[in-house]
Amino acid sequence: GERIQRAGHEVLLHQPMEALDSSLDLGPGGIILGMDRIAVEAQLKENAASLPMAVGMNNHMGSSVTADYDTMRHVLEVVKELGLFFVDSRTTTSSVVADVAGQVGIPYGVNNFFIDNESDVDKIKAQLRSGLALAQRQGHAVLIGHVRPTTVIALWEMIPELLDSGVQFVPISCLLYED
């Protein structure tokens, strides 16, 4: 995180949250459906303390939690207390993040799509091209990728194409909604 920050990039806390498939392992520090406000606050504050340079948070998995109004209200109230913004990874079309973020009064972003759900260089390049086209069509796009060798290869090989696209690459904080 510190190296990324020193390089001038924004750091986000990638927060594990329960998926619709509750058998998926969240690992340590996860938020599960129905946690009360005190438990959510304790967990998020502990996680944030481990990454003090974070300026925002996004959900890892989370299709169950991001669709649940009460749990997301607890999460976003704590995110506000921490002075962070929240990026909805949009792992479900039933997400309530935008509604709750508007009510709580925090800046939020929304993922348009993942570039590397499949770890295949050509498929990742196709997703990147779709993202460029979306940005050109609607004026902006938010894409999420993972730290994977195939993602790095695809990005590296596409640098000339990305630069020639005319699309400006900006930190996610430039593309937040503030209701």
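Helices, in the sense used here, are DSSP runs of H or I of at least four residues, numbered from the N terminus. By that definition, Thr151 is found in helix α6, which covers residues 149-157. The structure is a predicted model.

- Strand β2 (residues 56-61) is largely enclosed by the rest of the structure, because 5 of its 6 residues are buried.
- Strand β1 (residues 12-17) pairs with β2 in the parallel sense, over 6 bridges.
- Within this pairing, Pro16 has His60 of β2 as its bridge partner.
- A right-handed β-α-β unit is made by β1, helix α2 (residues 37-49) and β2.
- Strand β3 (residues 85-88) also runs parallel to β2, and 3 bridges join the two.
- The bridge partner of Gly56 in β3 is Phe85.
- β2, helix α3 (residues 69-81) and β3 likewise make a right-handed β-α-β unit.

**Thr66, between β2 and α3**

- The loop that leads from β2 to α3 contains Thr66.
- Thr66 has a relative accessible area of 0% and is therefore buried, the cut-off being under 20%.
- A polar atom of the Thr66 side chain lies 2.8 Å from the backbone oxygen of Gly62.
- Beyond its neighbours within four places in sequence, Thr66 is in contact with Met17, Asn59, Met72, Asp88, Thr91, Thr92, Ser94, Ser95, Val96 and Val97.

**Helix α5**

- Helix α5 (residues 121-138) has 18 residues, and the distance from its first C-alpha to its last is 26 Å.
- This span is close to the 26 Å expected at 1.5 Å a residue.
- At the start of α5, the backbone nitrogen of Asp122 has a side-chain oxygen of Asp120 within 3.1 Å.
- Just after α5, Gly139 adopts a positive phi of about 95 degrees.
- The buried residues in α5 are Ile124, Lys125, Leu128, Gly131, Leu132, Leu134 and Ala135.
- These buried residues of α5 pack against β5 (113-114), β6 (143-144), α6 and α7.

- When residues up to four places away in sequence are not counted, Thr151 touches Ile115, Asp116, Ile124 and His146.
- One of these contacts, Ile124, is among the buried residues of α5.

**Aromatic pair**

- A search of the whole structure finds 1 aromatic pair.
- The pair is formed by Tyr108 and Tyr177, with 5.3 Å from centre to centre and 35 degrees between the planes, and it is tilted.
- Tyr108 lies in strand β4 (residues 108-110) and Tyr177 in the segment after α7 (159-164), so the pair ties together parts that are 69 residues apart in sequence.
- Tyr108 is buried, with a relative accessible area of 7%, whereas Tyr177 is partly exposed at 39%.

Notes
Residues are numbered from 1 along each chain as its sequence is written. This is a predicted model: local features need pLDDT of at least 70, side-chain atom pairs count only at pLDDT 80 or more; totals for chains, interfaces and linings use all residues. Side-chain values use heavy atoms; hydrogens and water are left out. Contact means heavy atoms within 4.5 Å. Rings of Phe, Tyr and Trp (its six-membered ring) pair if their centres lie within 6.5 Å; planes under 30 degrees apart count as stacked, over 60 as edge-to-face and the rest as tilted. Buried means under 20% relative accessible area, exposed over 50%, partly exposed in between (1.4 Å probe, protein chains only). Two strands pair if DSSP finds at least two bridges between them. A crossover is right-handed if, with the strands pointing away from the viewer, the path from the first strand over the helix to the second runs clockwise. The expected span of a helix is 1.5 Å times one less than its number of residues. A polar contact is a pair of N or O atoms within 3.5 Å; within protein, one must be able to donate a hydrogen and the other to accept it, and residues adjacent in sequence count only if both atoms are side-chain atoms.
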